[in-house]
2 protein chains.
Amino acid sequence: MEAFLEEAKASSRVLAGISGADKNRILKEMAQALRASTAEILKANALDMEDADRNDLTPALKDRLLLDESRVEGMAVAVEEIAALKEPVGRVLDGWVTEDGLKIEKVSVPIGVIGIIYESRPNVTSDTAALSFKSSNVCVLKGGKEAQHSNEAIAKVLRAVLKKNGLPEALISLIPDASREGVAKLIKMDKYVDLIVPRGGEGLIRYVSENASVPVVKHDKGQCHTYIDEDANVENAIRIAINAKVQRPGVCNAMETLLVDTAIAKEVLPLLKEAFDAAHTELKGCGETQEIIEVAPATEVDFDTEYLANILNIRVVDGVEGAIDHIVRYGSGHSEAIITENITTAEAFLNGIDAAVVYVNASTRFTDGGAFGFGAEVGISTNKLHARGPMGIEGLTTYKFKIYGSGQIR
Amino acid sequence: MEAFLEEAKASSRVLAGISGADKNRILKEMAQALRASTAEILKANALDMEDADRNDLTPALKDRLLLDESRVEGMAVAVEEIAALKEPVGRVLDGWVTEDGLKIEKVSVPIGVIGIIYESRPNVTSDTAALSFKSSNVCVLKGGKEAQHSNEAIAKVLRAVLKKNGLPEALISLIPDASREGVAKLIKMDKYVDLIVPRGGEGLIRYVSENASVPVVKHDKGQCHTYIDEDANVENAIRIAINAKVQRPGVCNAMETLLVDTAIAKEVLPLLKEAFDAAHTELKGCGETQEIIEVAPATEVDFDTEYLANILNIRVVDGVEGAIDHIVRYGSGHSEAIITENITTAEAFLNGIDAAVVYVNASTRFTDGGAFGFGAEVGISTNKLHARGPMGIEGLTTYKFKIYGSGQIR
């Protein structure tokens with residue numbers, strides 16, 4: 001593993017000299033090569049699917065694993081879209097001249113070597129390899145072992161394009177030991193690896209962030225709230241609450257608890273109940289909620305649970321301060337929304353809540369690189385440092401200071 | 001410790017509602033209070049100095065520990081200078097409207113609770129408390145036990161000003177257990193602490209970064225190089241090399257190894273020898289260097305050593321690529337300089353070297369918040385992520401996305 005990572009790190013040096021035009025041309029060649037290798041990729045995928053049958057994987061897992069012609073085409077298109085992104089390296093982020101006459105430029109640069117740990121979907125192999133290459137980073141990939149044949153076939157195609165262009169294949173590689181022990185080693189190798197991005201289930205992410213000595217872009221749970229204020233537009237409030245809970249309950253930006261201002265509870269709770277009943281949402285409520293509508297009781301544990309299912313807690317709170325109290329206690333710092341027409345109340349909420357994304361009068365479901373207009377999403381970070389919230393390709397860069405002098409000494 | 005940190009975290013909430021004007025007024029009151037409490041602070045310091053005598057501290061350590069009237073005045077002035085900095089919270093870093101019509105603002109916000117671990121100098125207590133308060137962060141301070149009385153006296157003054165202004169004293173506090181075990185606990189408390197900034201010796205920083213689960217802004221060693229290119233202005237080259245090594249050898253941005261282009265070695269090495277001899281620098285050289293001037297031999301270990309003393313390695317290298325080869329192998333990613341009049345060579349160096357700060361025609365000694373014009377320096381980070389290189393008060397902020405909608409759902 002160490003020799004492998006040393007080679008990966010050493011290969012990063014060629015990326016300093018490669019132009020954006022060359023990178024984009026090579027990415028387009030990779031997309032074409034993926035298309036041209038569809039048959040080989042599907043053959044490898046068929047082996048993974050056979051293993052999946054043997055190992056009795058769930059239908060959902062099998063669906064994530066399965067490739068067909070249109071999914072390979074989708075992978076190629078995704079690589080072309082990444083080629084079309086604006087060059088992330090070399091942006092001048094800031095610049096000034098010091099008292100000593102030194103011209104300082106703060107410039108975006110690649111991070112170096114990025115370890116990406118993911119699960120079943122084989123398209124993550126080409127997506128993240130392309131994002132890394134576009135941002136002039138080396139990637140070392142660790143996919144799920146259930147997708148090993150597919151990932152190897154995809155990586156082989158991408159590496160052949162690198163080789164054809166006179167670049168080291170080590171710029172994109174699968175780690176040699178894809179076992180649990182391999183991961184354990186990888187995340188401790190801060191000498192060679194500059195960042196770990198785990199993409200996958202909660203268990204994986206928790207394991208990586210608790211054990212890594214390499215910095216990690218975490219993606220923890222989303223315990224998201226929507227607060228309906230006394231001054232809400234009730235029609236908006238109901239549409240947004242339904243959307244935040246029901247449109248896709250299994251994702252991190254879905255709402256888990258709805259907070260309702262006591263001043264408006266009697267008016268709005270019956271309407272909410274009607275709407276959520278129509279959406280087949282299982283409702284749980286605090287004592288005050290239960291006095292107004294018929295719902296099961298919500299416990300302390302419920303308020304702390306990320307259901308990832310069509311289940312919702314409702315709690316009546318005392319104004320925006322009550323809502324903030326609840327969110328400070330139970331929120332996970334992901335996405336929080338207030339529904340109000342009152343600008344002062346809105347700002348009190350937006351400023352008072354410590355979360356990656358805070359909304360007024362919109363659904364928390366918008367916390368997403370695509371909805372933000374980032375073109376490609378590396379992930380949604382629940383870190384407070386480096387990257388917070390939806391993370392575009394800029395999240396794969398850091399900066400350096402380039403200083404132009406003319407003989408200055410201190 | 002846990003109850004203490006829980007209180008610290010809870011207190012952070014009041015900072016969301018406090019204006020910049022109030023913060024600056026309170027900081028100025030703190031400066032005045034430090035002045036007014038000079039006698040008490042010096043009395044506490046005298047107790048530390050007595051302990052220092054009993055424990056036979058070195059004269060250098062005693063000097064760092066000692067306070068007198070002018071040093072207390074210096075602390076007050078530093079707090080006033082921090083009050084005068086531009087407000088670091090609420091800066092709009094980016095902003096756009098999405099396809100869905102959501103207005104997104106990316107806004108700087110405090111990090112939350114910052115743990116600062118430092119050694120003898122008592123002025124770090126007031127400096128870092130003021131920087132944290134200015135950036136609306138809570139700080140939990142762990143100073144050296146040799147300065148315990150002084151730190152307690154200073155913290156007492158600052159906390160009294162908080163109390164007088166109706167703010168929780170927990171915004172600025174010394175950790176209750178200042179032992180090694182206390183530190184070990186503190187750096188694992190990621191539930192309450194958002195960032196650890198260790199300020200002090202290499203041992204402390206290594207211990208903290210290897211054991212913390214809280215993110216750390218590291219300040220590792222500076223193995224800095226200056227490369228004199230064939231196209232250098234020789235007079236500049238010598239002035240800069242002398243300055244980078246001699247002006248203050250004991251700091252991280254001082255040069256440890258001088259690289260000289262083989263094409264200019266015969267011309268420049270005798271001049272360098274003369275200048276460094278005059279500056280009483282102990283010189284070590286590679287084989288080629290030894291053929292041209294009389295110096296002791298430099299070993300592999302020498303090239304890897306941060307001397308922090310008036311000792312210098314010299315190595316002859318084959319052009320800018322040879323210089324980059326050496327720096328890739330031995331550099332610590334801190335500060336690296338090239339001396340050349342050739343713009344193409346300069347850019348090859350600036351782009352080819354992966355370091356926080358890269359210079360053309362200037363001394364590496366400028367890697368410093370003050371020289372960068374940051375007003376106040378939190379530290380010099382050798383992290384690649386969050387903050388890299390000299391770190392101003394902005395390094396104590398992160399960001400959130402504030403999103404203004406009008407009923408948008410997905």
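How far apart are the mean positions of the positive and negative charges of chain A? They lie 9 Å apart. Chain A carries 45 positive and 61 negative charges.

This is a predicted model. The mean pLDDT of chain A is 95. Residues at 70 or more account for 100% of the chain. The model's scores are ipTM 0.93 and pTM 0.92.

Start with the overall layout. Chain A holds 16 helices and 16 strands. Along the principal axes, its C-alpha atoms fill a box of roughly 70 × 70 × 35 Å. The chain has 410 residues, and 56% of them are buried. Its accessible surface is about 16,300 Å². Carbon and sulfur atoms contribute 50% of that surface.

Next, the contacts. Take the pairs in chain A that are at least 6 apart in sequence. Of these contacts, 71% join residues at least 24 apart.

Now zoom in on one helix. Helix α9 of chain A spans residues 202-211. Which of its residues are buried? They are Leu204(A), Ile205(A) and Val208(A). Seen down the axis of α9(A), these buried residues fall within an arc of 95°, so they line one face of the helix. The other side of α9(A) has exposed residues, Gly203(A) and Glu210(A).

Terms used
Residues are numbered from 1 along each chain as its sequence is written. Chains are lettered from A and ligands numbered from 1 in the order in which they are written. This is a predicted model: local features need pLDDT of at least 70, side-chain atom pairs count only at pLDDT 80 or more; totals for chains, interfaces and linings use all residues. Side-chain values use heavy atoms; hydrogens and water are left out. pLDDT is the predictor's confidence in each residue, from 0 to 100. Helices (H or I, at least four residues) and strands (E, at least two) are DSSP runs, numbered from the N terminus. Buried means under 20% relative accessible area, exposed over 50%, partly exposed in between (1.4 Å probe, protein chains only). Contact means heavy atoms within 4.5 Å. Accessible areas come from the Shrake-Rupley method with a 1.4 Å probe; for residues, only the protein chains shown count as cover. Lys and Arg count as positive and Asp and Glu as negative; His and the chain ends are not counted. The place of a charge is taken as NZ of Lys, CZ of Arg, CG of Asp or CD of Glu. The arc is that of the directions from the helix axis to the C-beta atoms.
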